[in-house]
Amino acid sequence: QYVSFRPVLNYPLCVFMYYVDFGDGSNQFIGEGYPSAYHQYTIPGTYNVNFYAYETGGSSVNVTIQVVVSPEQPCDPIAVEYFNLSTEVAEVGEPVTMQYAVTPSNCLGFTFFAFGEGGLFSFGNPATFDYSYRAPGVYNVTMSVEDKFRRVVE
């Protein structure tokens, strides 16, 4: 079972590193900014997940949450219901609005977008978002949908 963690801190500007202990022997270091941690549990059970935020002054904050992993259920099919662009031609800096929805599924993992300028972005489902290109050119927008086992399904 995949889980994702995205803590919200009151003062994230002082934090220079995050560390997550997933409670099953796995851990992950995360750089500064607004962190996200992703992990797959392979064995059903109850896990204590410890999330640490380290500040530049040397202090740290720890939060513990409990995650319950249930036995696997059969997967529902995953498909893209729609993907729309507000325009296919835009000026540099002009936002292009994109909308999409993926069929709800108990196996839906993550949906990623590449806009052709480098970087990979992930949004919720369904989603509407804007993207502005920084330089003129012809770009391919790529949408990748993964199931919870990190297999690309579309």
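1. In this note, two residues are in contact, or touch, when they have heavy atoms within 4.5 Å of each other. The model under discussion is predicted. With that cut-off in mind, Thr111 touches Tyr100, Val102, Phe121, Ser122, Phe123, Met143, Ser144 and Val145, where residues up to four places away in sequence are not counted.

2. Is Thr111 buried or exposed? Its relative accessibility is 3%, and Thr111 therefore counts as buried, the cut-off for that class being under 20%. Thr111 is located in strand β9.

3. The overall composition of the chain may be stated briefly. The chain contains 12 strands and zero helices, so that the order of elements from the N terminus reads β-β-β-β-β-β-β-β-β-β-β-β. Buried residues account for 29% of the 154 residues of the chain.

4. Strands β10, β9 and β12 form an open sheet in the order β10-β9-β12, with antiparallel pairing. The edge strands are β10 and β12 (142-147), each of which pairs on one side only. Between β9 and β12, which run antiparallel, there are five bridges. Phe113 stands opposite Met143 in β12. As a general point, strands of a sheet pair through backbone hydrogen bonds, in either a parallel or an antiparallel sense.

5. A further pairing deserves attention. Strand β5 and strand β6 (residues 60-69) are joined by 10 bridges in the antiparallel sense. Within this pairing, Ala53 has Val61 in β6 as its bridge partner. The two strands form a hairpin with four residues between them, and in this hairpin Gly58 takes a positive phi near 105°.

6. How many aromatic pairs does the structure hold? There are 14 aromatic pairs. One of them is formed by Tyr18 and Phe51, with 5.7 Å from centre to centre and 40° between the planes, and the pair is classed as tilted. Tyr18 belongs to strand β2 (residues 15-21) and Phe51 to strand β5 (residues 45-55); the pair thus links distant parts of the chain, 33 residues apart. Both Tyr18 and Phe51 are buried.

7. Because Phe115 lies in the loop between β9 (108-114) and β10 (121-122) while Phe129 lies in strand β11 (residues 127-132), the pair ties together parts that are 14 residues apart in sequence. Phe115 and Phe129 are both buried.

8. Phe115 and Phe129 also belong to one aromatic cluster, whose members are Phe83, Tyr100, Phe113, Phe115, Phe129, Tyr131, Tyr133 and Tyr139. Tyr100, a member of this cluster, is among the residues that Thr111 touches.

9. The last point concerns the largest pocket, which has a volume of about 360 Å³. Its lining comprises 16 residues, of which Glu88, Ala90, Tyr133, Gly137 and Tyr139 are the closest to its centre. By residue class, the lining of the largest pocket divides into 12 nonpolar, two polar and two charged residues. Tyr133 and Tyr139, named here for the pocket, are also members of the aromatic cluster.

Key:
Residues are numbered from 1 along each chain as its sequence is written. This is a predicted model: local features need pLDDT of at least 70, side-chain atom pairs count only at pLDDT 80 or more; totals for chains, interfaces and linings use all residues. Side-chain values use heavy atoms; hydrogens and water are left out. Rings of Phe, Tyr and Trp (its six-membered ring) pair if their centres lie within 6.5 Å; planes under 30 degrees apart count as stacked, over 60 as edge-to-face and the rest as tilted. Buried means under 20% relative accessible area, exposed over 50%, partly exposed in between (1.4 Å probe, protein chains only). On a 1 Å grid over the protein atoms alone, a cavity is a set of points where a 1.4 Å probe fits but cannot get out, and a pocket is an open set with protein on both sides within 12 Å along at least five of seven lines; lining residues have an atom within 4 Å of a point. Grid points are joined across faces, edges and corners, and a volume is the space filled by probe spheres set on the points. Ala, Val, Leu, Ile, Met, Phe, Trp, Tyr, Cys and Pro count as nonpolar, Asp, Glu, Lys and Arg as charged, and the others, Gly among them, as polar. Two strands pair if DSSP finds at least two bridges between them.
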